[in-house]
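Here is a short report on one protein chain.

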Amino acid sequence: MAGLVGNLLILFFVFQNICLGFRSSLSVFKRYKETTRLLSNECPGSDRPVISVGLSDFALDIRMRGVTPKQSDTYLCMSVPLPVDDEAYVVDFKPHASMDTVHHMLLFGCNEPSSTENYWDCDKGTCKDKSNILYAWARNAPPTRLPKGVGFRVGGETGGRYFVLQVHYGDISAFRDKHKDCSGVTLHLTHQKQPLIAGMYLMMSVNTVIPPGEKVVDADIACHYKRFPMHLFAYRVHTHRLGKVVSGYRVRNGQWTLIGRQSPQLPQAFYPVEHPVDVSYDDILAARCVFSGEGRTTETHIGGTANDEMCNFYIMYYMEAKHAVSYMTCTQNMNPEMFRNIPQEANIPIPVKSDMLKMMHGHHEETKDTDKSSLLQQAKKEEGEILDQDFHIEEAVEWPGLDLKLGQVSGLALDPENNLVIFHRGDHVWDENSFDSKFVYQQRGLGPIEQNTIIVLNPSNAKLLNSVGKSLFYLPHGLSIDKNGNYWATDVALHQVFKLGANNKEPLLILGVALQPGSDKNHFCQPTDVAVDPITGSIYVSDGYCNSRIIQFSPNGLYMMQWGEGTETSLGRARPGQFRIPHSLALIPDFSQLCVADRENGRIQCFRLETGEFIREIKHKSFGRELFAVSYAPGGLLFAVNGMPYPGEAEPVQGFVMNFSTGEIIDTFIPVRKSFEMPHDVVASADKTVFVGDVHARAVWKFASTEKMEHRSVKKAGIEVQEIKADGEHKLDSSSGRILGRLRGKGSGGLNLGNFFASHKGYSRKGFDRLSTEGSDQEKDEDDGTDSEEECSAPPPPSAPSSS
């Protein structure tokens, strides 16, 4: 015991020196002395419940105290005090439990536990005051991760000072050997103030009765929402054995929007909301649980034992800190009639494979990777199936879109209907006279472009479907489209990012300050591209020609984080996270990655969405010195286009098809009609149709796989593609069971790959240094090797910055 006390005293004196906001080591020790004294030696971490993981972060281990339940359906609770007095934020949860012994766990936050005992029967309650659910686990669910910048607030003046762990032991047959249980959860906490506060919204049926033998029984829950806006990012379903499917929705103006739908017989994790959902004042939140009473001989009621049932739909959300509410519940059905209009999917059970059912009943020998998401596994499976093809694409020479009269084509994207959307500059051009040495636009007297800069085409016959963007932009650059069909565009002259509705004349959101370049949180300097995460709604901006960074914003435009730096040319090869014009972005939600076309470094860099952590580089000699754009297509294919070769270099300008997992080039392509001059953007659809826009040729090409060009049917990865018309139209019949589906925007992922930063001789990223001309979209000049998107006859001066 003396050794334990000594270790703890040393531990907490260390905390005093490195963790701001902690109590004195003595007072913290006193709070934990009684907590740790009776812990079983069988429980890992029992001697060190608090572990420092940095100057402002620490981990808190919350475990059952070596208990052995005596009867089935035992609920045991235990509490742990927050080891700090000031405000902290829970940003991660790691469960330690197996469904062999534990039915489910709940973690509550409150100010006064129901008991001061080491552990107690939860029939006494969990907390004496109001308690908030922070976390829930069941059925071997994997860890839950919160989005960057989001945390559960604890401590301080408003947060709870205790954590209470509730563990439900269902069938205690696993305890025949009298072993002691140490199930629990490890929390990652930080003192760094989080701009967005997480909370839990619990929808729960309390009066459902399931008659014996009844094939289908619905339990419906619905409440009006009467608070400040919240953004939903994860959900969890929970029933016992009779539950078949649980679905949750937001209902606004009679329209039902899916939050999440899952089988409660699968691991009861918090799954990400596939498409970001916001909830505003007076919206309705609705949920349905579908049960079957088949096999039961008596009525089944809502209750706490394994033979009872539950109908719970948990929603994790975040709100702006000043309006944050940590916990809300809904236990009524305000309008049963509204469920006549619930989408049919809510009534369809989700099949669970037999091997998954075995896992659910404790047979885990062949399921060691249960912590990997099924989405990722399916993505890799489909990738392998599709890449088994002898894949090759060629220009669709009958496509009439090549003959359109366009300005400089700077951006391409696909909308939710798979129509091609082109972003062009009308009668404006980017040339050597466009900007001064401080990147301030010099041609404001021309006014905004008077033509519609965004045009929507039928991808099969190039028929004009819609056009918008008149009198909004000065020098368009990057374009992406989110899952809701909103246009996201960058303007390098205005130094801004715009969100536009497909039919709105006025922007829905503007980031940056018009005509003011800058490098702080509120300014951009010639931003090149933008991408929106279809799962979280987070916004990623590549900034740009005169900054070397990627910036992440919340769905409503709140700055969250940034990463990246300029490339020091004197050091030779660019290091990970360094950019020379981050020029194009591709968001790959299936793998939680953001890939950037690092233009002047001639490479692709991929980063982890949540953290900005560098994952890998894709670089090939055939790229040459410049790689302009990249796009991702479901099934594991990357598409990219490079720049014209420098004088004396041999790598041709062309398109590339790559295996996303390995980075290997599996095909290259060039047009038959005309030639690439400065291909500036590329976008690929789910059926592997590819479009390339050229800023200097002012043209858009269409490419398609040779399987389609030769009018053959192909069945791969659940897709059948058949060419049925001579004019190039094709019919895509996609299996409804595909998990990947069709992703939107650039690269079919709602994100464009490519953030390339231009920097030339003597460039450093200290302050606002002048770019060399090779960092632009101007036409490449044979003599000085600079790039331009301009069609001017005179080459730009060698010392002037190039445009893009």
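Are Phe-524 and Phe-553 buried or exposed? Phe-524 is buried, and Phe-553 is buried too. The model is predicted, and every value below is computed from it.

## Aromatic pairs

The count of aromatic pairs comes to 28. One of them joins Phe-524 and Phe-553, with an edge-to-face geometry. Their ring centres are 6.0 Å apart, and the planes make an angle of 70 degrees. This pair links distant parts of the chain, 29 residues apart. Phe-524 sits in the loop between β31 (509-511) and β32 (527-532). Phe-553 belongs to strand β34 (residues 549-553).

Phe-591 and Phe-660 form another aromatic pair, this one tilted. Here the distance is 5.1 Å centre to centre, with 45 degrees between the planes. Phe-591 lies in the loop between β38 and β39, and Phe-660 in the loop between β44 (655-659) and β45 (665-669), so the pair ties together parts 69 residues apart in sequence. The cut-off for buried is under 20% relative accessible area. Phe-591 counts as buried because its relative accessibility is 12%. Phe-660 is at 2%, so Phe-660 counts as buried as well.

The charged end of Arg-616 sits over the Phe-660 ring, 4.6 Å from its centre. Arg-625 does likewise with Tyr-646: its charged end sits over that ring, 4.3 Å from the centre.

## Two buried loop residues

Pro-589 is found in the loop between β38 (582-588) and β39 (593-598). Pro-589 counts as buried because its relative accessibility is 9%. Thr-536 is 53 residues away along the chain, yet the C-alpha atoms of Pro-589 and Thr-536 are separated by 9.7 Å.

His-696 lies in the loop between β47 (690-694) and β48 (699-705). Why does His-696 count as buried? Its relative accessible area is 9%, and the cut-off is under 20%. The His-696 side chain makes a polar contact with the side chain of Glu-677, at 3.2 Å.

## Disulfides

How many disulfides does the model hold? The count comes to six. Cys-110 is buried, at 2% relative accessible area. Cys-127 counts as buried too, at 13%.

Cys-223 and Cys-330 form a disulfide with sulfur atoms 2.0 Å apart. The angle about the S-S bond is 90 degrees, and the link is right-handed. It joins distant parts of the chain: Cys-223 in strand β14 (residues 217-224) and Cys-330 in strand β22 (residues 327-330), 107 residues apart. Cys-223 is buried at 6% relative accessibility, and Cys-330 is buried at 1%. A further disulfide joins Cys-289 to Cys-311, S to S 2.0 Å. This link is right-handed, with 85 degrees about the S-S bond. Cys-289 is buried, at 1%. Cys-311 counts as buried, at 0%.

## Nonpolar cores

In soluble globular proteins, nonpolar side chains tend to be buried together. The largest nonpolar core in this model has 57 residues. Which of them touch the most other members? They are Ile-62, Phe-93, Leu-107, Phe-163, Leu-187 and Leu-189. Another core lies apart from this one and has 34 residues, including Ala-219, Leu-232, Ala-269 and Val-352.

Ile-62 shows the packing in detail. Leaving out residues up to four places away in sequence, Ile-62 touches Met-78, Val-80, Leu-107, Phe-163, Leu-165, Ser-183, Gly-184, Val-185 and Leu-187.

Note on methods. Residues are numbered from 1 along each chain as its sequence is written. This is a predicted model: local features need pLDDT of at least 70, side-chain atom pairs count only at pLDDT 80 or more; totals for chains, interfaces and linings use all residues. Side-chain values use heavy atoms; hydrogens and water are left out. A nonpolar core is a set of buried Ala, Val, Leu, Ile, Met, Phe, Trp, Tyr and Cys residues joined through side-chain atoms within 4.5 Å. Buried means under 20% relative accessible area, exposed over 50%, partly exposed in between (1.4 Å probe, protein chains only). Contact means heavy atoms within 4.5 Å. Helices (H or I, at least four residues) and strands (E, at least two) are DSSP runs, numbered from the N terminus. A polar contact is a pair of N or O atoms within 3.5 Å; within protein, one must be able to donate a hydrogen and the other to accept it, and residues adjacent in sequence count only if both atoms are side-chain atoms. A disulfide is a pair of cysteine sulfur atoms within 2.5 Å. Rings of Phe, Tyr and Trp (its six-membered ring) pair if their centres lie within 6.5 Å; planes under 30 degrees apart count as stacked, over 60 as edge-to-face and the rest as tilted. A charge sits over a ring if NZ of Lys or CZ of Arg is within 6 Å of the ring centre and within 35 degrees of the ring normal.
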